[in-house]
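Here's a quick tour for anyone meeting this protein for the first time. Have a look at the fold, then read on.

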Amino acid sequence: MKVCVVGAGLGGLSAAIEIAADGHDVEVFEAASEPGGKAGTVVLEGVECDTGPSVLTLPDAFDGLFQRAGSRLEDEVELRTRTHAFRYRFPEGHEVTIHQKLSDTLDSVRDALGPEAAAQLGAHLEYAKSIWDVSAPHFVYGDAPSMRTILKLGVSKLAEVQKIDAMRSMWGAITARVEHRDIRWILARYATYNGSNVFKAPATLNCISWVELGLGGYGVTGGIHAVVKRLAALAESMGIRFHFEKPVEQIVTRRNRARGVRVDGSEVPCDAVVYNGDVRGVPRMLAPDRPHKAPEETGSMSAWNAIVRAKRKHDRPAHSVFFPREYSEEFRDIFERGRPPEEPTIYVCAQEVSHGRTGWDEEEPLFLMANAPSTTAPVAAETFEALESQILSRLVEAGFIESSDRVLWRRTPAELAARFPDSHGSLYGAASNSPFSAFKRAGNRHGSVRGLYLASGTAHPGGGMPLSVLSGRSAARALREDN
């Protein structure tokens with residue numbers, strides 16, 4: 001069997017490796033000049049920098065894929081742990097440090113905020129772990145859920161699934177257990193990990209806090225893109241053929257079955273197609289000449305990003321978060337007012353500390369991020385210029401960077417949308433702002449075209465690096481079952 005994969009992001013790489021491991025012929029077509037999708041890079045004044053995800057979680061998901069390629073994660077990349085992983089700075093000036101080990105984090109919170117705050121965080125994470133333990137088999141590692149599959153679990157399993165707390169909001173569940181404002185804000189930020197509104201996203205997503213704080217987040221020596229490079233190299237060793245700077249113009253169908261892809265005006269025939277792109281682009285790929293409506297669902301958050309060439313400081317944590325005066329307004333600005341936050345939360349990844357990347361002689365690359373709405377809410381370029389100015393001023397005032405440090409690269413939601421067609425700048429597809437979001441997310445089989453499979457952060461099981469890998473593996477599993 002010959003399979004064409006459209007896109008060489010993590011979902012596409014994952015699907016390609018799984019399918020090739022099953023003995024099939026695989027070709028991958030990618031519009032960009034390198035693999036990785038949103039886990040990309042840029043070279044700035046001679047230094048390579050990551051431009052996407054900054055933390056690797058759920059390493060077992062990657063290890064399973066590397067094993068399918070005949071290797072192991074630990075043999076291909078080096079995961080890095082930092083004692084001081086995240087440092088949260090609050091508007092009053094005090095700080096809370098998150099460590100690699102949960103016990104150290106709770107000790108840190110106790111020292112900074114007192115024993116009651118530490119107890120509240122610990123209790124919340126026990127609750128978050130219980131959600132993860134129940135939801136992961138059904139909503140992450142298994143096939144795309146449906147109401148029918150959930151009802152088939154039987155009475156005992158159904159009672160267990162009710163523990164995922166889907167009918168409350170994330171914020172409702174957080175405030176029910178946590179009284180300390182600072183801990184509330186730290187936990188609410190995990191809604192942004194899949195670009196959702198903490199006031200509407202189901203409390204199920206509180207499990208994200210357990211994944212990072214309980215199971216651990218890691219750096220990768222050489223940068224996050226090192227994972228992509230090793231997967232692509234292994235894929236080539238398996239006989240997978242890559243075609244870069246070759247955007248697919250159409251998925252060709254006959255008798256309602258995928259039969260090939262059109263590239264450079266010519267058809268490349270195949271027996272099945274895996275689409276590694278935003279699922280909202282599938283109608284366009286099937287019928288490029290037909291007009292299509294804009295998506296009706298609320299898109300997930302987008303972002304303003306930048307990379308600063310900053311004078312090296314030896315006391316930087318791997319990751320820093322600077323909260324605004326009122327964090328809740330960020331969600332209201334983005335999802336209700338359709339604008340970037342008037343005072344954004346600032347995230348900074350120090351890539352030398354986090355990933356051991358090499359900067360310049362006296363400066364280091366800092367990756368900056370502020371959440372913003374997708375391009376379905378148009379925002380003038382001048383707004384992002386003002387946002388950048390505010391962010392840099394706040395970081396200078398905090399003593400985190402110098403006024404002479406320079407921005408070498410920046411990306412707005414509109415530029416993100418141009419780079420990833422059909423995304424509308426959303427980082428994770430549709431926002432998970434409903435108790436039924438998991439059931440609305442596209443499965444890994446196309447609903448009406450046989451032989452067409454979906455593998456990306458916008459399909460099951462969701463966005464983020466490990467889930468994109470699992471999406472590719474799930475798409476390959478669906479193809480295996482169908483053939």
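## Overall build

Helices (H or I, at least four residues) and strands (E, at least two) are DSSP runs, numbered from the N terminus. Counted that way, the protein has 18 helices and 19 strands. Its radius of gyration, taken over C-alpha atoms, is 22 Å, close to the 23 Å from the globule rule for 483 residues, so the protein is as compact as a globular protein of that length. That rule is 2.2 Å times the number of residues to the power 0.38. Along the principal axes, the C-alpha atoms fill a box of roughly 65 × 60 × 45 Å.

This is a predicted model: local features need pLDDT of at least 70, side-chain atom pairs count only at pLDDT 80 or more, and totals for chains, interfaces and linings use all residues. Residues are numbered from 1 along each chain as its sequence is written, and side-chain values use heavy atoms, with hydrogens and water left out.

## What's inside

Of the 483 residues, 58% count as buried, meaning under 20% relative accessible area with a 1.4 Å probe, protein chains only. A nonpolar core here is a set of buried Ala, Val, Leu, Ile, Met, Phe, Trp, Tyr and Cys residues joined through side-chain atoms within 4.5 Å. The largest one has 66 residues, and Phe86, Tyr88, Val109, Trp132, Ile183 and Phe323 touch the most other members. Helix α5 (residues 115–140) gives this core its largest share, 12 residues. A second, separate core of 41 residues includes Val3, Ala16, Leu231 and Leu234.

Technical notes
Buried < 20%, exposed > 50% of the residue type's maximum accessible area, 1.4 Å probe, protein only.
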